[in-house]
Amino acid sequence: MEFLLVWILSGNVLDSGLRYDDAASCYASAQNSGMELKGIGLNGLQFTCIPVSEDDDLKLLIPSTPRSSFPF
């Protein structure tokens, strides 16, 4: 099993495309990236690490909202 890092910004979900062998490395990478992004002024970022099968493609199905700037 792999873990996919997903960023959440203002209610929009951003697939990072980054996969990790375990949840701990996914979490550590997200924490480090989050601190770097806050350093350049991007605040309000949240993340989650989603377990995914190594053999299957992941398709994020997220309903669009009126305030979403991403049309999915």
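This is a predicted model: local features need pLDDT of at least 70, side-chain atom pairs count only at pLDDT 80 or more; totals for chains, interfaces and linings use all residues.
User: What makes the pairing of the side chains of glutamate 2 and arginine 19 a polar contact?

Analyst: The two side chains come to 3.2 Å, and a polar contact requires a pair of N or O atoms within 3.5 Å, one able to donate a hydrogen and the other to accept it, so the pair of glutamate 2 and arginine 19 is a polar contact.

User: How do you know that cysteine 26 and cysteine 49 are joined by a disulfide?

Analyst: Their sulfur atoms are 2.2 Å apart, and the cut-off for a disulfide is a pair of cysteine sulfur atoms within 2.5 Å, so cysteine 26 and cysteine 49 meet the criterion. The pair links distant parts of the chain, with cysteine 26 in helix H1 (residues 23-39) and cysteine 49 in strand S3 (residues 45-52), 23 residues apart. The structure holds 1 disulfide.

User: Why is this disulfide called left-handed?

Analyst: The torsion about the S-S bond of cysteine 26 and cysteine 49 is about -95 degrees, and the disulfide is therefore left-handed.

User: What makes cysteine 26 and cysteine 49 buried?

Analyst: Cysteine 26 has 0% relative accessibility and cysteine 49 has a relative accessible area of 19%; as the limit is under 20%, cysteine 26 counts as buried, and cysteine 49 is buried too.

User: How do you know that the buried residues of H1 line one face of the helix?

Analyst: The buried residues in H1 are Cys26, Ser29, Ala30 and Gly34. Seen down the helix axis, the buried residues of H1 fall within an arc of 135 degrees, and therefore they line one face. These buried residues pack against S1, strand S2 (12-20) and S3, whereas the face turned away from the buried side carries the exposed residues Ala24, Met35, Glu36 and Gly39.

User: What span is expected for H1, and what span does H1 reach?

Analyst: H1 has 17 residues and reaches 24 Å from its first C-alpha to its last, close to the 24 Å expected at 1.5 Å a residue.

How values were computed. Residues are numbered from 1 along each chain as its sequence is written. Side-chain values use heavy atoms; hydrogens and water are left out. Helices (H or I, at least four residues) and strands (E, at least two) are DSSP runs, numbered from the N terminus. Buried means under 20% relative accessible area, exposed over 50%, partly exposed in between (1.4 Å probe, protein chains only). The expected span of a helix is 1.5 Å times one less than its number of residues. The arc is that of the directions from the helix axis to the C-beta atoms. Contact means heavy atoms within 4.5 Å.
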